[in-house]
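Please examine the following protein chain before reading the briefing.

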Amino acid sequence: PHSGVVKRRSKSQSYRRSIRTCFGVASGLGLTPALTARRMNTSRKAPRSQNITEKVKPEHLELLVKTEWQLSYVTPLYQFRHTQLKSYSRQLSAFIAAEKQEGLAVEVGGLQNTFKVSFSVLQGLAETSDDPETVLIQVQSKPMFARQEDPPKTVWCGWLSCINGNPEYLQSLPKDFTCLPLFCSKGAEDLSSLVKSWLQRTFDCCFGPLDINQTTLQWLAALWTNCHMETNIQNLKMIWTLPVLPPLQVTYTVDSDDVLDLWRSTRESSAEKSREAEDEVCIDFSEVTRFMQGLMSHFYRHFRVDLSAGELNQVSSALGSAKVNGKIKISSSRYLISIFSLLTECALLKMPI
């Protein structure tokens with residue numbers, strides 16, 4: 001409808017005006033001062049074991065852990081309201097039904113026997129007062145030849161979250177914007193596209209792929225190794241790709257006790273030996289770099305292969321796995337907050353202002 005077009009344009013203009021108001025006029029290079037100043041933290045707290053079962057419902061934890069999620073970033077949502085989730089469920093159900101029926105009109109709130117959508121608040125993951133509550137989206141459907149009494153099955157699941165988000169950025173947003181920058185999804189790609197399309201049209205936001213780059217993979221390798229002091233990570237496994245013809249893939253697996261010894265020696269040799277006791281729980285990226293260099297040097301001594309010439313594509317342990325193509329699986333809920341805090345930071349950095 002023509003009125004819908006006007007409304008969309010108005011929201012887009014409001015978004016651009018709000019961004020200019022908050023962050024200043026863009027430079028000649030098309031970058032705002034806030035964007036050029038944003039960098040990944042060079043130091044972060046070491047992950048500590050947390051029993052979040054006291055805060056998060058068991059059925060929600062079952063969804064979050066031991067599942068491989070595809071990561072995306074999403075810009076702030078315009079006029080999103082946590083109090084309107086039931087309405088969003090009806091609207092998205094009708095949208096998916098209409099798209100699946102190739103554009104035929106479907107009444108909002110009518111009977112959509114094929115797909116049923118539910119929005120819900122996933123409480124217990126917000127770490128600060130600035131973090132909006134995580135929103136869980138589930139799409140259910142009945143198989144074509146299912147009996148009438150058979151319950152529908154979840155065929156797609158996704159969630160929008162902000163865990164330990166940058167407080168300066170969150171507080172600078174206008175009140176009409178809700179920042180949930182990390183989008184995790186699993187299920188059919190066509191349903192992911194439909195959900196993203198509806199969210200973009202409804203809340204004037206933009207999605208983009210959130211690849212897990214080399215720096216983030218190195219952080220995860222170090223953080224998971226540090227967790228071995230509390231929880232057995234079994235092994236640290238890394239997969240590298242070397243630029244030769246044909247491309248060579250190297251799988252490098254290190255025993256947990258050996259990798260922890262290397263990590264401890266790296267920490268002990270740090271130049272910051274005089275830091276105060278409370279700083280001992282912090283990990284600096286320079287330590288992560290030395291740790292990775294130690295692993296690569298050890299591999300070179302044994303196999304005469306220089307891993308630094310290649311790319312790190314995957315890191316995994318008993319606590320989870322992460323791939324450069326933006327897929328991650330958390331196998332233990334005890335470190336979920338720490339890992340998704342890192343991914344929230346990555347999403348905010350990848351997100352264009």
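Which residue is the bridge partner of L160 in β8? The partner of L160 in that strand is F183. This is a predicted model, in which local features need pLDDT of at least 70 and side-chain atom pairs count only at pLDDT 80 or more, while totals for chains, interfaces and linings use all residues. Residues are numbered from 1 along each chain as its sequence is written, and side-chain values use heavy atoms, with hydrogens and water left out.

**The chain as a whole**

- The protein chain has ten helices and 15 strands; helices (H or I, at least four residues) and strands (E, at least two) are DSSP runs, numbered from the N terminus.
- Of its 353 residues, 46% count as buried, where buried means under 20% relative accessible area, exposed over 50% and partly exposed in between, with a 1.4 Å probe and protein chains only.
- Among contacts (heavy atoms within 4.5 Å) between residues at least 6 apart in sequence, 71% join residues at least 24 apart.
- The accessible surface of the protein chain comes to about 18300 Å², and 50% of that belongs to carbon and sulfur atoms; such areas come from the Shrake-Rupley method with a 1.4 Å probe, and for residues only the protein chains shown count as cover.

**Paired strands**

- Strand β5 (residues 134-141) and strand β6 (residues 153-161) run antiparallel and are joined by seven bridges; two strands pair if DSSP finds at least two bridges between them.
- Strand β6 is also joined to strand β8 (residues 182-187) by six bridges, and these two strands run antiparallel.
- L160 in β6 is the bridge partner of V135, and L160 has F183 as its bridge partner in β8.
- T134 belongs to strand β5 and counts as buried because its relative accessibility is 0%.
- Leaving aside neighbours within four places in sequence, T134 is in contact with S120, V121, L122, L125, W159, L160 and S161.

**Helices that cross**

- The axes of helix α8 (residues 256-268) and helix α9 (residues 285-303) come within 9 Å and cross at roughly 135°; axes are lines fitted to C-alpha atoms, for helices over the stretch in contact, and angles run from 0 to 180 degrees between N-to-C directions.
- Helices α8 and α9 are therefore oblique to each other; angles under 35 degrees count as roughly parallel, over 145 as roughly antiparallel, 65 to 115 as roughly perpendicular and the rest as oblique.
- Their contact is made by V259, L262, W263, T266 and R267 of α8 and by E287, V288, R290, F291, G294 and L295 of α9.
- The axes of α7 and α9 come within 10 Å and cross at roughly 85°, so α7 is roughly perpendicular to α9.
- On the α7 side this contact involves T215, Q218, W219, A221, A222 and T225, and on the α9 side F285, V288, F291 and M292.

**Two buried helix residues**

- T225 lies in helix α7 (residues 214-227) and is buried, because its relative accessible area is 0%.
- Not counting residues up to four places away in sequence, T225 touches I233, L236, V259, L260, W263 and F291.
- C346 is found in helix α10 (residues 336-350) and is buried, with a relative accessible area of 11%.
- Not counting residues up to four places away in sequence, C346 touches M40, L210 and T216.
- C346 and P181 are 165 residues apart in sequence, and their C-alpha atoms are 9.2 Å apart in space.
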